Amino acid sequence: MAAQRQYEELARQLSAIGAVKREMGRMLPQDCPPASAGVLTLLDRHGEMRMSQLAELLAIDMSVTSRHVAHAAERGWIERKPDPADKRSRLLRLTPSGTALLAELAERYTAALARYLDDWSDADVGHLIELLARLRTSFGDCRTRAHHDSTTRTPAG
């Protein structure tokens, strides 16, 4: 088991990852904020879905999700169509324009990672991938855990 100092340093390093994420976010086109890229990525990964499912996957409020969806829809990256099972609901779907944008983003991200990590060995990059995947697995689905924890807590007595 790691020592307390190692966990403290790990916490600092994870906090500093925000700078890496911000730098990667600068690679996005001007009209595509990171939240929009996240919406497109989830629609690409999971396919057509209702707004409520997207909000759950994003782990954000429906009103915030609605703003992100409106932004992407205004740019033609996603379409909203009536749900045949429930005409009051809308299904969200990635458009060909959204798919093309995702391909462009993947190229930009890959090129940036190649540029920033050009002095890393293939083994080091592979090791980082393995460790990050392991870290995510250790945490599990944080959205589900956070919801579960908030519903199972009892007030301090």
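View 1. A search of the whole structure finds 0 aromatic pairs. The model is a predicted one, in which local features need pLDDT of at least 70 and side-chain atom pairs count only at pLDDT 80 or more, while totals for chains, interfaces and linings use all residues. Residues are numbered from 1 along each chain as its sequence is written, and side-chain values use heavy atoms, with hydrogens and water left out. The charged end of Arg115 sits over the ring of Tyr116, 5.3 Å from the ring centre. A charge sits over a ring if NZ of Lys or CZ of Arg is within 6 Å of the ring centre and within 35 degrees of the ring normal.

**View 2. The open sheet has 3 strands in the order S1-S3-S2.** The pairing in this sheet is antiparallel. Strands (E, at least two residues) and helices (H or I, at least four) are DSSP runs, numbered from the N terminus; two strands pair if DSSP finds at least two bridges between them. Which strands stand at the edges? Strand S1 (49–50) and strand S2 (78–83) do; each has a single partner strand, so one side of each is left without a neighbour in the sheet.

**View 3. Strand S3 (residues 86–94) and its partners.** S2 and S3 pair in the antiparallel sense over 6 bridges. A hairpin joins S2 to S3 through 2 residues. Asp83 has Asp86 in S3 as its bridge partner, Pro82 stands opposite Arg90, and Ile78 stands opposite Leu94. S1 and S3 are also antiparallel, with 2 bridges, and here Met49 stands opposite Leu92 in S3. In a regular strand the side chains alternate between the two faces of the sheet.

**View 4. Helix H1 (residues 4–25) crosses helix H5 (residues 96–116).** Their axes come within 10 Å and cross at roughly 130°. Axes are lines fitted to C-alpha atoms, for helices over the stretch in contact, and angles run from 0 to 180 degrees between N-to-C directions. H1 and H5 are therefore oblique to each other: angles under 35 degrees count as roughly parallel, over 145 as roughly antiparallel, 65 to 115 as roughly perpendicular and the rest as oblique. Glu23, Met24 and Gly25 in H1 meet Tyr109, Ala112, Leu113 and Tyr116 in H5, where contact means heavy atoms within 4.5 Å.

**View 5. Helix H2 (residues 34–46) packs against helix H3 (residues 51–58).** The angle is about 110°, and the axes are 11 Å apart. H2 is therefore roughly perpendicular to H3. From H2, Gly38, Val39, Leu42 and His46 meet Leu54, Leu57 and Leu58 in H3.

**View 6. H2 crosses H5.** The axes of H2 and H5 come within 10 Å and cross at roughly 110°, so these two helices are roughly perpendicular to each other. Ala37, Leu40, Thr41 and Asp44 of H2 make the contact with Gly98, Leu101, Leu102 and Leu105 of H5.

Terms used: Rings of Phe, Tyr and Trp (its six-membered ring) pair if their centres lie within 6.5 Å; planes under 30 degrees apart count as stacked, over 60 as edge-to-face and the rest as tilted.
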